[in-house]
Amino acid sequence: MPKISGVNHLQAVRAFEKAGFWIIRQSKHIIMTDGEHILTIPRANPINAFTMGAIVKSSGLSIEKFKEYLS
């Protein structure tokens, strides 16, 4: 599984919003969707690298594309 280290949950939410996702619910985790994929993002600073890799993989984005959205 690809690793993406040092990503804050707020940075991840902003990056996914740029990719067309929106927030549908917030509690201990942030739930986002694009109408096809549903993502569960933990409120952590930083998010574990393996967890972040799994979230990006389940979003349908490539690691490179996600990194572009981060910057």
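Residues are numbered from 1 along each chain as its sequence is written, and side-chain values use heavy atoms, with hydrogens and water left out. Because the model is predicted, local features need pLDDT of at least 70 and side-chain atom pairs count only at pLDDT 80 or more, whereas totals for chains, interfaces and linings use all residues.

Helices (H or I, at least four residues) and strands (E, at least two) are DSSP runs, numbered from the N terminus. Two strands are taken to pair if DSSP finds at least two bridges between them. Strand β1 (residues 22-26) pairs with β2 in the antiparallel sense over four bridges, and the two form a hairpin with two residues between them. Within this pairing, Trp-22 has Thr-33 of β2 as its bridge partner. On β2 and strand β3 (residues 38-42), five bridges define a further antiparallel pairing. Here His-29 is bridged to Pro-42 of β3.

Burial is expressed as relative accessible area (buried, under 20%; exposed, over 50%; partly exposed in between; 1.4 Å probe, protein chains only). Strand β2 (residues 29-33) is mostly covered, with four of its five residues buried. His-9, located in helix α1 (residues 9-18), is likewise buried, its relative accessible area being 13%. Beyond its neighbours within four places in sequence, His-9 is in contact (heavy atoms within 4.5 Å) with Ile-30, Ile-41, Pro-42, Arg-43, Ala-44 and Ile-47.
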